[in-house]
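Open the model in a viewer and keep the selection panel at hand.

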Amino acid sequence: ASGDTRIDRRPPVADPARFSVVVPSRGDPAKLLPHLEALGRQTLPRDRFEVIVALDGAAPSPDLDTRITASGARIARLSERSGPGAARNAGAKLAHESFLAFTEDDVTPAPDWLERAAARLEADPAIDVIEGSTMKPGGRPVRIRDAGGLSWLPTNLFVRRAVFQRVGGYHEGYFDRELAVYFREDSDFGFTLEQAGARIVQAPEAMVTHPDEHPGVLDPLRWARRYEMDPLLAKRHPRLFRERIEIHRLGPFRIRRPIVRASWVCVLMVAAALAAPLFGRPTWTASFLAIAIVAFLPIWAKWRFDPLRLPVALVVPFALVASWIRGRLRVASGVLR
């Protein structure tokens with residue numbers, strides 16, 4: 001982050017805690033309306049929180065607008081699609097309460113979600129940020145926490161509004177308007193908060209449930225294309241990117257970015273297999289392809305070795321590497337910064 005974003009220590013928040021719930025949305029009623037109903041079932045008194053729906057380039061829909069406002073929510077509208085980071089920032093600009101509660105329209109907050117967060121804040125008024133739990137329908141966490149113990153998922157994140165304003169909110173560069181790809185704006189925001197000295201705690205008792213990710217047959221390709229944003233995060237937060245992003249433990253070993261590395265090996269080995277006959281080494285082709293197949297296994301494992309996903313999964317390493325190269329070029333040219 002640029003400039004001085006260190007957080008000044010200030011008096012504790014007033015009791016009781018109050019929230020502005022910010023919900024970025026593309027305006028899909030099938031997601032948004034059940035989410036608003038779940039917010040309507042919160043056990044925290046309704047006069048202690050407001051709801052702001054940030055419509056990110058959604059087509060005008062008077063019926064949807066009416067149903068949103070009928071739920072008691074207000075609307076922040078972005079005229080063109082700008083990504084979830086920009087939508088959260090737009091929602092936060094309309095907020096009145098001392099804490100911003102970030103979530104998303106496809107999750108289901110537990111009825112006591114806000115009440116649990118409020119209890120934590122009231123027990124320790126010096127807290128600046130709370131990260132709650134985002135679980136899959138089966139009860140497993142959506143994301144394995146990074147080496148710092150935080151996932152920074154914006155599905156369940158509470159941030160003091162003054163602190164949010166101090167650090168400048170979400171960086172809006174993690175969105176490719178041409179491809180409608182976004183990624184890593186949550187990690188960037190979290191790293192910025194940490195470097196600013198925010199007091200951050202986890203509150204696993206404040207829970208939301210997220211649907212299973214990437215259910216579509218072509219979703220692995222969309223997932224791979226997101227890696228366009230890695231070079232920007234690596235430029236803005238080089239040390240934390242190296243130490244915290246996609247670090248996996250295997251016994252005593254720490255493995256950094258295994259799928260990204262496997263994708264590079266797979267792509268390079270396929271290229272080598274194609275090039276071997278041109279350099280008079282046709283017998284090397286089989287060896288290069290064997291290495292590529294071994295490298296591909298952890299990539300397919302992400303999709304649970306689903307045979308229906310195999311044709312698309314075979315393209316994933318090439319899409320991921322191409323996306324990373326695109327991101328690197330866009331950072332070098334100043335398009336991403």
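Contact here means heavy atoms within 4.5 Å. The model is predicted.

**Stop 1: helices α1 and α2**

Select residues 29-40 for helix α1 and residues 62-70 for helix α2. With that cut-off, P29, L32, L33 and L36 in α1 meet L64, R67 and I68 in α2. Sorted by class, the contact of α1 with α2 holds 6 nonpolar residues, no polar ones and 1 charged residue. A helix has 3.6 residues a turn, so residues three or four places apart point the same way.

The crossing of α1 and α2 is left-handed.

**Stop 2: helix α3**

Select residues 84-93, which make up helix α3. How many of the 10 residues of α3 are buried? The count is 8, so α3 is largely enclosed by the rest of the structure. The buried residues in α3 are P84, G85, A86, A87, R88, N89, G91 and A92.

**Stop 3: aromatic pairs**

Show the aromatic side chains next. The count comes to 14 aromatic pairs. Select W113 and F158, a tilted pair with 5.2 Å centre to centre and 45 degrees between the planes. This pair links distant parts of the chain, as W113 belongs to helix α4 (residues 113-123) and F158 to strand β7 (residues 157-160), 45 residues apart. W113 and F158 are buried.

Move on to W223 and Y227. Their ring centres are 5.3 Å apart and their planes stand at 70 degrees, so the pair is edge-to-face. W223 and Y227 are both buried.

To finish this stop, select F102, F164, Y170 and F189, which form one aromatic cluster.

**Stop 4: L153**

Select L153, in the loop between β6 (129-135) and β7. Is L153 buried or exposed? L153 has a relative accessible area of 11%, so it is buried. Leaving aside neighbours within four places in sequence, its contacts are E131, T134, V142, R143 and D186.

**Stop 5**

Most residues other than glycine have a negative phi.

Select R184, in the loop between β9 (181-182) and α6 (185-195). R184 is not a glycine, yet its phi is positive, at about 70 degrees. Its relative accessibility is 6%, so R184 counts as buried.

Then select F305, in the loop between α11 and α12 (310-313). F305 is not a glycine either, and its phi is positive at about 50 degrees. What does F305 count as at 43% relative accessibility? It counts as partly exposed.

**Stop 6: helices α10 and α11**

Select residues 258-275 for helix α10 and residues 285-302 for helix α11. Their axes come within 8 Å and cross at roughly 155 degrees. That angle makes α10 roughly antiparallel to α11. The crossing of α10 and α11 is left-handed.

For the contact, pick I259, A262, S263, V265, C266, M269, V270, A272 and A273 on α10. On α11, pick T285, F288, L289, I291, A292, A295, F296, P298, I299 and K302. By class, the contact of α10 with α11 consists of 16 nonpolar, 2 polar and 1 charged residues.

**Stop 7: helices α10 and α13**

From α10 the contact takes I259, V260, S263, W264, C266, V267 and V270. From α13 it takes P317, F318, L320, V321, W324 and I325. The residues of the contact of α10 with α13 divide into 12 nonpolar, 1 polar and no charged.

Methods: Residues are numbered from 1 along each chain as its sequence is written. This is a predicted model: local features need pLDDT of at least 70, side-chain atom pairs count only at pLDDT 80 or more; totals for chains, interfaces and linings use all residues. Side-chain values use heavy atoms; hydrogens and water are left out. Axes are lines fitted to C-alpha atoms, for helices over the stretch in contact, and angles run from 0 to 180 degrees between N-to-C directions. Helices (H or I, at least four residues) and strands (E, at least two) are DSSP runs, numbered from the N terminus. A crossing is left-handed if the near helix is turned anticlockwise from the far one by less than a right angle, and right-handed if clockwise. Ala, Val, Leu, Ile, Met, Phe, Trp, Tyr, Cys and Pro count as nonpolar, Asp, Glu, Lys and Arg as charged, and the others, Gly among them, as polar. Rings of Phe, Tyr and Trp (its six-membered ring) pair if their centres lie within 6.5 Å; planes under 30 degrees apart count as stacked, over 60 as edge-to-face and the rest as tilted. Buried means under 20% relative accessible area, exposed over 50%, partly exposed in between (1.4 Å probe, protein chains only). Angles under 35 degrees count as roughly parallel, over 145 as roughly antiparallel, 65 to 115 as roughly perpendicular and the rest as oblique.
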